[in-house]
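Hi everyone, thanks for making time this morning. I'd like to walk you through one structure, piece by piece, so please take a look at it with me.

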Amino acid sequence: VLRGVTPEMLLWWFQNLEGDVVVEGRRITRYRAWHPFDHVAVRYARRRPDGSVGPGARIHIREMFGALPENSIDVIATIERLDLGGFRHVDRVLGVALGRMDYRFTRVDGGTLYENDLVIGVGGRVGRRLEPLVRRLFPDRKGRAWLRHNVEEVGALENFLPELYASAR
């Protein structure tokens with residue numbers, strides 16, 4: 001549970017990852033402020049026709065879990081869901097989903113229950129054929145590093161998002 005964080009704040013956050021903030025007198029990107037060691041860069045690679053960020057937009061994410069180059073990811077994913085109930089983006093190669101991040105936001109007393117899943121790989125016949133490639137791109141050690149990274153970044157939200165959201169309104 002993220003104390004003091006509402007689903008509205010989370011929706012705004014994922015629609016406004018680009019831009020800078022001032023932390024301890026220094027201007028840095030919002031994304032680096034969220035996780036200063038692992039986050040490299042983020043940008044909206046494609047917005048919706050009206051310029052907004054939501055389903056159909058694409059997000060370019062670059063990270064190094066544990067700040068280690070061998071745990072790098074560099075994906076351009078399609079946003080399939082972005083609303084008060086959650087956020088989902090999918091990384092597809094030649095139309096095949098290789099990875100999916102699914103976040104769920106549930107309003108609770110004092111904050112928001114924030115849950116998410118990372119699904120790597122695809123099912124069925126295609127998935128079985130691609131599994132060796134997927135395992136090379138995202139081995140177990142990278143998965144464990146992602147778990148730690150995710151706990152760190154999600155936990156950080158309650159430390160800065162309420163103030164940032166209020167200042168942006």
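Let's start with two helices: α1, residues 7–15, packs against α4 at an angle of about 80°, and their axes are 10 Å apart. For the axes, lines are fitted to C-alpha atoms, for helices over the stretch in contact, and angles run from 0 to 180 degrees between N-to-C directions. Helices here are DSSP runs of H or I with at least four residues, strands are runs of E with at least two, and both are numbered from the N terminus. So α1 and α4 are roughly perpendicular to each other; that label covers 65 to 115 degrees, while under 35 is roughly parallel, over 145 roughly antiparallel, and the rest oblique.

Before I go on, a word on what you are seeing: this is a predicted model, in which local features need pLDDT of at least 70, side-chain atom pairs count only at pLDDT 80 or more, and totals for chains, interfaces and linings use all residues. Residues are numbered from 1 along each chain as its sequence is written, and side-chain values use heavy atoms, with hydrogens and water left out.

Which residues meet where α1 and α4 pack? From α1 we have Glu 8, Met 9, Leu 10, Trp 12 and Trp 13, and from α4 they meet Leu 157, Phe 160, Leu 161, Pro 162, Leu 164, Tyr 165 and Ala 168. Contact means heavy atoms within 4.5 Å. Helix α1 is mostly covered, with 7 of its 9 residues buried. Buried means under 20% relative accessible area, exposed means over 50%, and partly exposed is in between, using a 1.4 Å probe and protein chains only. Among the buried residues of α1 are Pro 7, Leu 11 and Phe 14.

Now stay with α4, which spans residues 140–168 and holds Glu 153. Glu 153 is buried yet has no salt bridge. By salt bridge I mean a side-chain nitrogen of Lys or Arg within 4 Å of a carboxyl oxygen of Asp or Glu. How far away is the nearest side chain of opposite charge? That side chain is Arg 32, at 11 Å. When we assign charge, Lys and Arg count as positive and Asp and Glu as negative, while His and the chain ends are not counted. Setting aside neighbours within four places in sequence, Glu 153 is in contact with Trp 34, His 35, His 39 and Glu 63.

Glu 63 sits in strand β5, residues 58–64. Glu 63 is also buried without a salt bridge, and the nearest opposite charge, on the side chain of Lys 142, is 10.0 Å away. Not counting residues up to four places away in sequence, Glu 63 touches several others, including Asp 38, Val 40, Asn 71 and Ile 73.

So where are the salt bridges? A search of the whole structure finds 8 of them. One joins Arg 47 to Glu 18, with the closest N and O atoms 2.8 Å apart. This pair links distant parts of the chain, 29 residues apart: Arg 47 is in the loop between β4 (39–46) and β5, and Glu 18 is in the loop between α1 and β2 (20–23).

Another pairs Asp 102 with Arg 88, at 3.4 Å between the closest N and O atoms. Asp 102 is in strand β8 (residues 96–108) and Arg 88 in strand β7 (residues 86–93), so this pair ties together parts 14 residues apart in sequence. Asp 102 is buried, at 13% relative accessible area, whereas Arg 88 counts as partly exposed at 22%.

Arg 148 is exposed at 61% relative accessibility, and Glu 152 is partly exposed at 33%. Finally, salt bridges that share partners join Glu 80, Arg 88, Arg 92 and Asp 102 into one network.
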